[in-house]
Amino acid sequence: DEMDVSTIWMSGEYTDWEDATVHVLTHGLHYGTGVFEGVRAYDTDRGPAIFRWEEHLERLYNSTKPYDMEIPYTREELTEATLEVIRRNDLDGGYIRPIAFYGYDSLGVSPKDNPTEVAIAAWPWGTYLGEDALENGVDVMVSSWRKHASSQIPTNAKTTGLYVNSMLAGEEARRNGYVEAIVLNKEGNVAEGPGENIFMVRDGKLYTPGLSQSILDGITRDTVITLARERGYEVDDSATISRGELNTADELFFTGSAAEVTPIRKVDNVVIGEGTRGPVTEELQTAFFDLVERRTDDHEEWFTYVDEQ
Ligand SMILES: Cc1[nH+]cc(COP(=O)(O)O)c(CN[C@@H](CCC(=O)O)C(=O)O)c1O
């Protein structure tokens, strides 16, 4: 299929998809010692545009800090590699997955002098939570698995190992017939989704958990906060949302690079608002897609146009 012709940038070389492999004793495979990003490029009338590349790249480097990991490439080198992967794969838009991880040398929890490997792949990716999710919303459940605390594993670093928690929560939801989970933190308050941040709308005001709630500092979360405030909404961006408040919310929605802006219509079969995409959610979702698909000139600083670099 079309993926077979994909080029992946791996440790300095442009590599064919099937040759982009690692040794089975790679440290990151055994111990979850990788950091990664999820970034979207959108098809615009000026060609593919990567959305908020600078912020994603900054977070990638920041994510290495708790792990004493050194990415052996500059920001400029990773940027050029990403642009070139998009060009070589002839992508109009799509999903970009940079990853840096402790590679193969010797095993043992300590990465000691294992090399840090870096790879960047990109592929077409549709709607994260299902074709009609953006319009009709998704049914979710509150997972029995709690988010680990940021004092246990830094949740503001996007670390591969964190995603066992996300998988446990998300798969529990899907096994029970829901599309996705909402994950509470160890205090029992709302943290986020397995791969998304979460927003609540109540009486025309927006609330989203703050970093103290053990969440990832989402870039789409930041985008939606900005778009909401530009439209006159009051946004509490360091909210503590109790589990009970989910039931009485007027609207709920997920945000993420993959999830974009996805309405939540039921939580544990409790209908949220009217059980459809809420009006504030729709307004911000429309503003988001008008922005990323460049039907507006706003926030040019958030776009890296592949054909113009
Ligand atoms: C735990 C978590 N919380 C919030 C977000 C939203 O962050 P941002 O993309 O900066 O708005 C993501 C992104 N999840 C990425 C990986 C998804 C996956 O399936 O893997 C993504 O959306 O690309 C998370 O993984």
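**Exercise 1.** In this predicted model, find which side chains place an N or O atom at 3.0 Å or 2.7 Å from the ligand.

*Solution.* Start with Lys-158. An N or O atom of its side chain is 3.0 Å from a ligand oxygen. Next, take Glu-192. Then turn to Thr-220. Its side chain has an N or O atom 2.7 Å from an oxygen of the ligand.

**Exercise 2.** Work out how much of the ligand the protein buries, and what surrounds the ligand.

*Solution.* Begin with the ligand alone: it exposes 550 Å². The protein buries 93% of that. Now look at the shell. It holds 21 residues, and Tyr-95, Tyr-128, Tyr-163, Glu-192 and Thr-220 are the closest. Sort the shell by class: seven residues are nonpolar, eight polar and six charged. Strand S6 (94–102), helix H6 (219–230) and strand S14 (251–256) each give two or more residues to the shell.

**Exercise 3.** Count the cavities of 30 Å³ or more and describe the lining of each.

*Solution.* The count is two. The largest cavity holds about 50 Å³ of space. Its lining includes Arg-40, Tyr-42, Ile-219 and Thr-220. Strand S4 (39–44) and H6 each give two or more residues to that lining. The second largest cavity has a volume of about 30 Å³. Among its lining residues are Glu-251, Leu-252, Pro-263 and Ile-264. S14 and strand S15 (260–267) each supply at least two residues there.

Conventions
Residues numbered from 1 in each chain as written. Predicted model: local features only at pLDDT ≥ 70, side-chain atom pairs only at ≥ 80, totals over all residues. Heavy atoms only, no water. Near = heavy atom within 4 Å. Polar contact = N/O pair within 3.5 Å; in protein donor to acceptor, adjacent residues only side chain to side chain. Areas by Shrake-Rupley, 256 points an atom, 1.4 Å probe, with all protein chains shown as cover. Helix = DSSP H or I, 4+ residues; strand = E, 2+ residues; numbered from the N terminus. Nonpolar A, V, L, I, M, F, W, Y, C, P; charged D, E, K, R; others polar. 1 Å grid on protein atoms, 1.4 Å probe; cavity = no way out; pocket = protein on both sides within 12 Å on 5 of 7 lines; lining within 4 Å. Points joined across faces, edges and corners; volume = space filled by probe spheres on them.
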